[in-house]
Amino acid sequence: MTKEFRKPSPGERFQQIGYLLKNTVTIIGRDTDIVGPFLRTAIYAVVMVTAFFGGIAAIALGAGGTGTLLLLASLAMFVYKYFYYTRQDMAQSWLVAETVRGRDAVPGDGRKRVRGVKSQARILGWVSMGFAFISSRAANGEGGGLSAMVSRVLLSALSEVWDLAKHFLTPAVAIDECGLRDGVERMKSLKNSVPETLVGVFGIDIAGGAAGMLIAPVYVVLVMIAIALGFAVGDAIPAFYAGDMRDMLGASTPFWMGDSALSFSWLPLLIALWLSKMLGAILARVVDSAKTIYFTLFYMRITHSDEIAPDIREELDTYLRIESKPAADNTATQA
């Protein structure tokens, strides 16, 4: 049983996200106010993505001023999201902590709590932005040599470790008002406080990257449909007309095209990319919210176990182990 960071396999990640979402619904059922921070971040993500693609469409239609403003607004929202998401995650973490304590938190409680730790939230937002940049460098790294490959692996590992650390630091700041340095030190000491039944779970990158894996097939299907619709629309909307495929491909034109003109419109492709990015952003917020709830419960179980309401203690360890309750246990309980 290890307490070190462990990256689960793709199969494990799909199982984890299914289990997390199922049990997240159970926790939310105790107090529906928990879902508020998630809804705000999901709406934020939809507006941000829509502003970006709306800006592109506006420029294509000749409304350059409006398009430029929409693109600038999208860029500003993209930068600000690291701070906004951090504050909403902390608000949700506080609401979850209050719920498992058996208290009825009101919607504004989370935001009030975050105002008291705004400096820590701001620092966490900056660090999250920095690691997002590192992650993008790892994903878009150029070069095929050994040094380039090693660099990409290291950058990717750093990003995944930070994702795990961030979800442990969020409840530490929201619940106990820890500074970032104190939070990191607490994470190190928590290893020695993990109950024996949960040792194997501490340090696992829960459902890491699951959102991207789930949305990838949707991307492919939507793009294929969009390409077919692009030929169907053709030059009907001049602002989005890309040209004749025979002229665009030149000598590389496939023989099966024959002599027919194949007009292509990139409007369906733009819509498909917008839908894909919007669905991906929402799914990413769903997964992040589920992880925030999970790690808040883990943190409460380790550091504030005496404050957890008696009616949830029995099922909490099973939930945190990310496994279903064995049938034998149920039989023994009934006996």
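Mentor: Rings of Phe, Tyr and Trp (its six-membered ring) pair if their centres lie within 6.5 Å. By this rule the count comes to twelve aromatic pairs. This is a predicted model: local features need pLDDT of at least 70, side-chain atom pairs count only at pLDDT 80 or more, and totals for chains, interfaces and linings use all residues. Residues are numbered from 1 along each chain as its sequence is written, and side-chain values use heavy atoms, with hydrogens and water left out.

Trainee: Why is the pair of Phe240 and Trp266 called edge-to-face?

Mentor: The ring centres are 5.0 Å apart and the planes stand at 70 degrees, so the pair is edge-to-face. Planes under 30 degrees apart count as stacked, over 60 as edge-to-face and the rest as tilted.

Trainee: What makes this pair a tie between parts of the chain?

Mentor: Phe240 lies in the loop between helix 8 (210–233) and strand 1 (241–244), and Trp266 in the loop between strand 2 (263–265) and helix 10, so the pair ties together parts 26 residues apart in sequence. Helices (H or I, at least four residues) and strands (E, at least two) are DSSP runs, numbered from the N terminus.

Trainee: Is Phe240 buried or exposed?

Mentor: Buried means under 20% relative accessible area, exposed over 50%, partly exposed in between (1.4 Å probe, protein chains only). Phe240 has 4%, so Phe240 is buried. Trp266 has 26%, so Trp266 counts as partly exposed.

Trainee: Which residues do ring pairs link into a cluster?

Mentor: Tyr44, Tyr80, Tyr84 and Tyr85.

Trainee: Why is helix 2 called roughly antiparallel to helix 10?

Mentor: Helix 2 (residues 35–60) and helix 10 (residues 267–303) pack at about 160 degrees, their axes 9 Å apart. That angle makes helix 2 roughly antiparallel to helix 10. Angles under 35 degrees count as roughly parallel, over 145 as roughly antiparallel, 65 to 115 as roughly perpendicular and the rest as oblique. Angles run from 0 to 180 degrees between N-to-C directions.

Trainee: Which residues of helix 2 and helix 10 make the contact?

Mentor: Contact means heavy atoms within 4.5 Å. Among them are Phe38, Thr41 and Phe53 of helix 2, and Trp274, Lys277 and Arg285 of helix 10.

Trainee: How do you know that Ser93 is buried?

Mentor: Ser93 has 0% relative accessibility, so Ser93 counts as buried. Ser93 sits in helix 3 (residues 64–100). Beyond residues up to four places away in sequence, Ser93 touches Thr170, Pro171, Ala174, Ile175, Thr292 and Thr296.

Trainee: What makes Val35 partly exposed?

Mentor: Val35 has 25% relative accessibility, so Val35 counts as partly exposed. Val35 lies in helix 2.
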